[in-house]
Each structure stands twice: as structure tokens, then as C-alpha cells.
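Subject: Structure handover

Hello,

Here is the structure I said I would pass on. My notes on it follow below the entry.

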Amino acid sequence: DFPILGSDSVQPVPRFRQELFRMMAVAADTLQRLGARVTSVDMGSQQLPDGQSLPIPPVILAELGNDPTKGTVCFYGHLDVQPADQGDGWLTDPYVLTEVDGKLYGRGATDNKGPVLAWINAVSAFRALEQDLPVNIKFIIEGMEEAGSVALEELVEKEKNRFFSGVDYIVISDNLWISQRKPAITYGTRGNSYFTVEVKCRDQDFHSGTFGGILHEPMADLVALLGSLVDSSGHILVPGIYDEVALLTEEEINTYKAIHLDLEEYRNSSRVEKFLFDTKEEILMHLWRYPSLSIHGIEGAFDEPGAKTVIPGQVIGKFSIRLVPHMNVSVVEKQVTRHLEDVFSKRNSSNKMVVSMTLGLHPWIANINDTQYLAAKRAIRTVFGTEPDMIRDGSTIPIAKMFQEIVHKSLVLIPLGAVDDGEHSQNEKINRWNYIEGTKLFAAFFLEMAQLH
């Protein structure tokens with residue numbers, strides 16, 4: 001078993017990197033013992049803004065079987081995790097896998113070590129039974145997903161005509177169901193454009209008694225800029241932002257109607273008093289097929305307890321827009337910049353404003369009639385005895401779009417975790433039932449893929 005350790009890729013600290021290297025070595029050893037041919041690809045080092053350099057953990061490329069009469073399925077997973085600290089509200093040590101009432105708690109339990117291990121278990125089941133694998137299996141496992149998959153795109157590009165040349169299908173299991181008990185298949189994700197808007201008067205802060213009333217205050221400018229982006233109903237106010245959003249079809253509306261979502265349960269589990277919309281269909285559409293704009297924070301503002309009478313000399317607002325088909329990252333960047341420049345110019349402020357897009361990730365959508373979607377549906381029927389929810393994901397899984405654009409292979413997302421697993425949050429878990437049934441699901445998927453291929 002993988003010990004759940006501090007394999008945190010987000011915090012650029014040497015001891016976490018050492019843990020990541022150890023984790024990748026454990027995974028490589030596990031796959032070798034299964035009989036896989038394993039290559040650990042040296043990814044070089046990461047240059048950080050403060051000048052220090054940290055080694056990037058290797059990416060594992062592994063192959064089991066090369067029968068030309070069989071289909072080849074490649075599984076992508078990651079072993080790095082988000083930061084976690086028991087003092088932040090964890091009921092158990094986040095780096096010791098702990099079972100409580102049928103729930104397996106630990107950082108990485110659902111994102112993404114549990115699903116990676118379930119896939120390995122499915123493969124090892126055929127080995128234990130001394131049965132031939134129904135399909136050829138490949139693995140690509142990384143340790144930097146939570147930090148933006150540093151250097152992975154270059155590797156995928158380099159291996160496009162080598163490691164990926166014989167791959168027919170790619171599977172990712174790095175998201176969640178939309179309910180607690182009903183399985184799902186994911187066929188689309190939103191993209192993300194992350195922005196900063198900096199307003200600067202000078203490098204130093206001011207005393208509000210000495211300067212209050214005679215300055216264009218950067219914070220007042222910034223609050224006005226951020227307040228101009230979205231209204232109280234969630235509608236984005238940037239002109240032209242909805243122009244390229246895909247038109248809604250009758251067929252698409254019907255897919256939302258078919259999805260099982262108990263709104264009351266969803267609201268209660270989210271601990272939210274009221275959502276912006278009242279119907280299941282509206283909520284799903286605004287999570288998946290319409291863009292959203294979220295304001296994340298302000299750098300440089302006074303945010304400690306107490307009453308400090310300071311005027312910040314320079315502040316940076318942070319916000320992002322979740323993108324949907326057929327929005328274009330560079331078009332959105334121009335629209336947002338133009339809008340903020342217009343709003344700022346009307347304030348006649350003497351401060352300087354700079355808008356930057358720090359991240360631009362495209363949305364991804366798949367064809368649900370591809371072979372592996374049919375195989376996944378059949379496998380879910382076999383293991384769970386029900387039809388899956390066909391869902392999209394409101395968050396961004398950049399690797400999905402990357403595989404689609406570089407490798408040009410059919411890709412499916414088969415989540416194992418329940419909606420309340422709490423990925424990235426305190427007390428992250430995967431249910432024992434999901435983990436065991438998920439392992440069966442992957443094994444059934446191999447068999448269905450073999451039949452359909």
C-alpha cells in the first residue's frame with residue numbers, strides 16, 4: 001500500500017520534494033513487481049521566483065502487455081497532494097490513512113492516490129488470478145499536478161510518437177461523482193483564466209490621518225474595479241464575454257433532466273443557505289456550461305485582527321473566470337483588460353493600473369459516443385446495476401485538454417469518489433465502498449474495452 005505522506009507539491013520546500021521522490025519510487029517499484037516495464041523520466045529542476053531551484057519529481061511511464069490484437073488503454077494519475085495541516089481542522093492526521101465509519105481519511109485519499117491505487121489493484125487482480133489482461137495497459141503517473149504539472153506538456157509532446165503511439169484510449173480518474181451513491185462518467189470540464197489587477201500609488205503604505213482625504217486611494221480604486229466584474233445574480237459584466245458560449249440545445253437540456261441531483265441534500269452538504277438558482281437544471285448549467293467569475297482575494301491589504309489605520313500604497317486583486325466551450329482564452333484576456341481599463345479611466349485616478357492574466361486553460365469536452373464511453377457505461381451497469389450520470393465538471397483538469405490536443409486520442413474521465421469527499425479540503429476521504437467498487441469498475445472496464453475494441 002502507498003503510505004499517505006506529505007507529498008505536497010504546492011509548497012516549494014525541499015523536504016516535501018524528497019517525499020515526492022520517495023512516493024514516485026514506491027509507485028515505480030509497485031508497478032515493476034506487477035511485471036510492468038517502467039521508465040522514470042528525469043524532469044530536471046524548477047526555478048522559483050526567489051532564485052532557488054528545486055528538483056522536479058520524475059514522471060513514471062509504464063507498460064504492461066504489447067499484444068497487437070488488443071486495445072491499449074493508458075491511465076493518467078498523480079501522486080502529489082495539496083497542503084494539509086492537522087491544526088487547520090483535520091479530525092485525524094492528514095498523512096496517516098485512517099478509517100472511521102467506512103470512510104478512509106487522509107490527504108490524497110480521493111485526489112488522487114486512491115484512484116491510482118484502485119487502477120493498480122484492478123490490474124493486479126488479473127495477475128493474482130493468473131488471467132491474461134484483456135487489454136494492454138500503460139501508465140503515466142506524475143508528482144506535480146497540484147502545482148500545474150510542471151514540464152509535463154513538453155514530455156507528452158516528446159513522447160507523442162513513442163510512448164503514446166500505440167495508445168488507443170486514455171483514462172483519467174481525478175474528479176468526483178455529483179451524488180453520494182450514484183456513479184458518474186465525466187465528458188467535459190471548464191477552463192480557467194486567472195487574472196491579477198494591480199493598482200499602485202507608491203511602494204510604501206500611508207497613514208490615514210496624514211493622507212486620508214487627499215489621495216486617490218489604491219484600495220478604493222481596486223474595490224471599484226473588482227465590483228465592476230460581476231453582479232449579485234452571478235452575471236459577468238464584462239462586455240462580449242458570453243458571445244462565444246456554445247448555444248444550448250434541446251438534447252443538452254435533456255441530459256441535465258436525466259441527472260440525479262437532490263438539491264436539498266446538495267445544499268445541506270454544501271452548508272449553504274441558498275443558491276443563486278432554484279432548479280436542478282439551472283444549477284447544473286451554471287456549474288458546467290456557462291462561465292463564472294470568482295473574486296479570490298487582495299494582496300497588500302491589511303487583513304490581520306485589530307484596527308490598523310493604514311492606506312495601502314499598492315494592492316493586487318485576484319480573480320478568475322471559468323471558461324466553457326467555445327470561449328477562447330486570448331479573446332477573454334482582451335475583453336477583461338479592455339473592460340477594466342474603461343472602468344479605471346472613468347475614475348480619473350492618478351494611480352497606475354496593470355492587468356495580467358497569469359493562467360489560461362481551455363475548456364475540454366468529449367464525444368460521449370466514443371468506444372470507451374460505451375465501455376464505461378457497460379462496466380458501471382455490471383458493477384453498480386445502474387445507469388451512470390453523464391456529467392461535466394465545473395473545475396479545470398488541464399491534462400485532459402492537453403492529451404486531447406497533443407496526443408489526439410479519445411479520453412474519458414471515470415471518477416470513483418463521492419460528491420462529499422472533500423478534495424483539497426480538510427478531512428478529505430474516500431469511502432471504503434467507493435474504493436472497492438471502483439477497483440471492480442476498472443477491472444470490468446478492461447473487459448468491456450476488450451469486447452468493444
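An unreviewed UniProt entry places the feature "binding site" at His 78, Asp 111 and Asp 174. These residues span 97 residues in sequence, yet no two of their C-alpha atoms are more than 8.5 Å apart, so they gather at one spot. Please keep in mind that this is a predicted model.

The unreviewed entry also carries the annotation "active site", which covers Asp 80 and Glu 145. This pair is spread over 66 residues of sequence but clusters in space, with a largest C-alpha distance of 6.7 Å. Asp 80 sits in the loop between strand E5 (72–78) and strand E6 (98–100).

Backbone geometry

Where is Asp 111 in the fold? Asp 111 belongs to the loop between E7 and H2. Besides being listed under "binding site" in the UniProt record, Asp 111 is joined to Asn 112 by a cis peptide bond, with omega about 15 degrees. Asn 112 is found in that loop too, between strand E7 (103–105) and H2.

Another cis peptide bond links Pro 325 and His 326, and here omega is about 5 degrees. His 326 is placed in the loop between strand E15 (314–323) and helix H9 (329–346).

Glu 130 has a phi near 55 degrees, which is a positive value in a residue other than glycine. Its location is the loop between H2 and strand E8 (136–142).

Helix packing

H2 comes up again here. Helix H2 (residues 113–128) packs against helix H12 (residues 432–452) at an angle of about 55 degrees, and their axes are 8 Å apart. That angle makes H2 oblique to H12. The crossing of these helices, H2 and H12, is right-handed.

A further pair is helix H3 (residues 152–159) and helix H11 (residues 398–406), whose axes come within 10 Å and cross at roughly 25 degrees. Since angles under 35 degrees count as roughly parallel, this makes H3 roughly parallel to H11. H3 passes H11 in a right-handed crossing.

Annotated domain

The feature "domain: Peptidase M20 dimerisation" is placed by UniProt, again in an unreviewed entry, at residues 188–345. The end C-alpha atoms of residues 188–345 lie 38 Å apart, and the span is 36% helix and 22% strand.

Cavities

Rolling a probe the size of a water molecule over the atoms shows where empty space is left. How many cavities of 30 Å³ or more does the count give? The count comes to one cavity. The volume of the largest cavity is about 40 Å³.

Which residues line the largest cavity? The lining consists of Gly 240, Ile 241, Glu 244, Met 327, Asn 328, Val 331, Val 332 and Gln 335. By class, the lining of the largest cavity divides into four nonpolar residues, three polar and one charged.

If you set anything up from these coordinates, please start from the file as sent.

Regards

How values were computed:
Residues numbered from 1 in each chain as written. Predicted model: local features only at pLDDT ≥ 70, side-chain atom pairs only at ≥ 80, totals over all residues. Heavy atoms only, no water. 1 Å grid on protein atoms, 1.4 Å probe; cavity = no way out; pocket = protein on both sides within 12 Å on 5 of 7 lines; lining within 4 Å. Points joined across faces, edges and corners; volume = space filled by probe spheres on them. Nonpolar A, V, L, I, M, F, W, Y, C, P; charged D, E, K, R; others polar. UniProt positions renumbered as here; feature names shortened; annotations may be inferred. Helix = DSSP H or I, 4+ residues; strand = E, 2+ residues; numbered from the N terminus. Axes fitted to C-alpha atoms, helices over the stretch in contact; angles between N-to-C directions. Parallel < 35°, antiparallel > 145°, perpendicular 65-115°, else oblique. Left-handed = near helix turned anticlockwise from the far one by under 90°.
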